[in-house]
Amino acid sequence: AFESAVRLGCMSIPGGGLSSVARLRMILENEITVLCCAPTYALRLAQVAVQEEVKLSGSKVKRIIVAGEPGGSIPSTCAEIERSWPGARVVDHHGMTEVGPVSYGCPKRPGILHVIESSYIAEVIDFATGQAVQPGEKGELVLTNLGRTGSPLLRYRTGDLVQPCAEQPCACGSYELGLQGGILGRTDDMVVVRGVNIYPSAVEEIIRSCGGVAEFRVEIPSDRTLPELTIKAEAFPGQQEPKELAERLEAALRSAFALRIPVSIVPSGTLPRFEMKARRWVRV
């Protein structure tokens with residue numbers, strides 16, 4: 001992304017080796033208009049801005065290009081980032097070290113990723129049978145990359161769970177494969193709890209849509225015969241009573257999954273913060 005921006009003639013400033021406070025100052029002082037980072041870190045920068053009494057309403061950021069985790073195509077996460085960065089719009093994107101940049105956010109339809117089919121032959125298969133799924137059905141994204149001289153891959157199973165769109169062409173005019181909801185999850189991240197398939201992105205959508213949660217962690221106890229989930233969450237300071245927030249989150253999770261998932265509210269600053277990909281699902 002950095003080298004591409006340089007080729008376009010943009011002033012490109014790397015943020016590596018700096019603290020979050022220093023990055024915020026750099027963004028404001030240089031009137032940065034595009035921010036590239038993980039969705040979690042866009043939210044983290046906004047939290048640091050509040051702590052340091054930095055007004056993001058004074059920033060010139062108009063686009064936040066996110067990658068590295070599913071948040072960019074999760075509606076509630078996108079909405080929270082855009083609320084935190086007034087005037088900015090979130091654009092999702094995903095790629096893989098093994099194959100390169102894979103998709104870009106649709107300019108007309110939020111929550112849709114288009115595969116760059118000039119660079120890939122893309123398939124979506126049933127990860128159990130290996131057969132192609134129909135448009136609208138979920139499956140695993142399989143890629144054959146074209147033009148990658150140093151690392152060609154044939155029918156590479158990405159492990160990404162996706163849902164191909166049925167509409168052709170897209171509202172933006174593209175005929176390239178559209179993925180409804182972006183990357184829905186990883187086939188190896190799914191947890192089966194009492195017969196219910198649960199993906200991290202689905203849990204994040206529910207938690208973010210409830211509002212009031214600064215950070216959260218999902219714990220999977222390793223001493224149980226059957227998988228169970230518990231959630232620890234931090235509330236934004238001074239927003240609401242911890243008991244009320246926990247009850248609201250438990251009710252939303254129960255409504256979505258027909259499961260009782262215990263939620264506990266922990267003191268501010270208890271849970272780790274992330275600058276790269278977040279690791280919110282842990283086995284304990």
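The buried residues of helix α4 (residues 75–84) pack against α3, β2 (63–66), β3 (89–96), α5 (200–210) and β13 (213–220), where helices (H or I, at least four residues) and strands (E, at least two) are DSSP runs numbered from the N terminus, and contact means heavy atoms within 4.5 Å. In α4, the residues S76, T77, C78, E80 and I81 are buried, a term that stands for under 20% relative accessible area with a 1.4 Å probe and protein chains only. The model is a predicted one, in which local features need pLDDT of at least 70 and side-chain atom pairs count only at pLDDT 80 or more, while totals for chains, interfaces and linings use all residues. Residues are numbered from 1 along each chain as its sequence is written, and side-chain values use heavy atoms, with hydrogens and water left out.

Two packed helices are described by the angle between their axes and the distance between the axes. The axes of α3 (residues 39–51) and α4 come within 9 Å and cross at roughly 35°, the axes being lines fitted to C-alpha atoms over the stretch in contact, with angles that run from 0 to 180 degrees between N-to-C directions. The contact is made by P39, A42, L43 and A46 of α3 together with T77, E80, I81 and S84 of α4.

The structure holds two cavities of 30 Å³ or more, a cavity being a set of points on a 1 Å grid over the protein atoms alone where a 1.4 Å probe fits but cannot get out, with lining residues having an atom within 4 Å of a point; a volume is the space filled by probe spheres set on the points, which are joined across faces, edges and corners. The largest cavity has a volume of about 60 Å³, and its lining includes L43 and E80, two residues that also belong to the contact of α3 with α4. With four residues, α3 gives the most to this lining. The second largest cavity holds about 50 Å³ of space, and among the residues that line it are R109, H114, C165 and E176.

The second largest pocket, a pocket being an open set with protein on both sides within 12 Å along at least five of seven lines, has a volume of about 530 Å³. Of its 26 lining residues, A46, Q47, V50, Q51 and F236 are the closest to its centre, and α3 gives the most to the lining, with seven residues.

Note on methods. Buried < 20%, exposed > 50% of the residue type's maximum accessible area, 1.4 Å probe, protein only.
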